Amino acid sequence: MYLADFPRRFIAHLPTPLERLDRLTQELGGPEIWIKRDDCTGLSTGGNKTRKLEFLMAEAEIQGADMVMTQGATQSNHARQTAAFAAKMGMGCHILLEDRTGSNDHNYNSNGNVLLDHLHGATTQKCAGGLDMNAEMERVADEVRATGKKVYTIPGGGSNTTGALGYVNCAFEMLGQFNDRGLAVDHIVHATGSAGTQAGLIAGLRSTNARVGLLGIGVRAPKQKQEDNVFALAAATAEKMGCAGVVARKDVVANTDYVGEGYGIATPGGIEAIRMFAELESILLDPVYSAKGAAGLIDLIRKGHFKKGERVVFLHTGGSVALFGYDVAFDHADRWSAAA
């Protein structure tokens, strides 16, 4: 099958770069580390959701929507990219932001992604934590539809079979880059949350019979739940592509040892990963997704799970703008020096 069979709005800056991380590789003394720069997709500081939104927003347009609505946590990268995509297409955008952390910090609630949501013209409303957010979104969407608006709803993270096509495409893109550069890659590692990125990658890799290991580092759900969610979406995505049955349950592997106290709460390992990537490679991670994914990668290298002689690609899902909502997680005292 061809992804060209599906409606798509070509806005992302693709292909995103594939770079070797020389200093991080040397520092950890394990496998050769590369990075797939999906923080460089080009839409409002970039990120992985832009790939999904190319398919989702095209579907919204075909259905005649004049407004899109989505939901996520307060510092949702997905919300920011949806607001930006809607602005680019001249659509209204309303976002439900779930308070998953209980933080009262001004920067967390008003800076970073939230600031950009509003700059792109989106309206937002804050919701209590623990709600069924997709159900809550549909309730609000029905209220707006009653006023005459044509609302297209997008699930959290853009993670349905339409959105997952964006990461089927990313799998194809990476395989092409590996082939063009003569790279035999043993493992791909990335942060996994709402399941769409990992599901799309699995469907894409298995539909091409690529023998590359894929590991999702969980940022929220327990292992069993995360893997079950990913498998269900990957299987449904493969069926949508016309290759039902190519994904097996054993293909889905998530490590959820690096979640910490909960979703959106920074961890010591994540802070270390942010500092290492920034100081060694001038690459910015975010505390919610990419830093926890990188923390898992770093720790597993130190434990010998990924070995010297292997080649690992870390998929950077973006989101560094969220750093401006997490400034209190960083101690800068040792970085100030007295005037000469």
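Student: In strand 2, which residue is the bridge partner of Glu 19?
Tutor: Ile 35 of strand 2 is the bridge partner of Glu 19. This is a predicted model, where local features need pLDDT of at least 70, side-chain atom pairs count only at pLDDT 80 or more, and totals for chains, interfaces and linings use all residues. Numbering runs from 1 along each chain as its sequence is written, and side-chain values use heavy atoms, without hydrogens and water.

Student: What makes strand 1 and strand 2 a pair?
Tutor: Two strands pair if DSSP finds at least two bridges between them. Strand 1 and strand 2 (residues 32-37) have three bridges, so they pair, in the antiparallel sense.

Student: Why are strand 1 and strand 9 called edge strands?
Tutor: The open sheet has six strands in the order 1-2-10-7-8-9, with mixed pairing. Strand 1 (18-20) and strand 9 (254-255) each pair on one side only.

Student: How many helices and strands are there in the protein?
Tutor: There are eleven helices and ten strands. Helices are DSSP runs of H or I with at least four residues, strands are runs of E with at least two, and numbering starts from the N terminus.

Student: Why is the protein called as compact as a globular protein of that length?
Tutor: The globule rule is 2.2 Å times the number of residues to the power 0.38, and the radius of gyration is taken over C-alpha atoms. The rule gives 20 Å for 340 residues; the radius here is 19 Å, which is close, so the protein is as compact as a globular protein of that length.

Student: What percentage of the 340 residues count as buried?
Tutor: The share is 57%. Buried means under 20% relative accessible area, with a 1.4 Å probe and protein chains only.

Technical notes
Buried means under 20% relative accessible area, exposed over 50%, partly exposed in between (1.4 Å probe, protein chains only).
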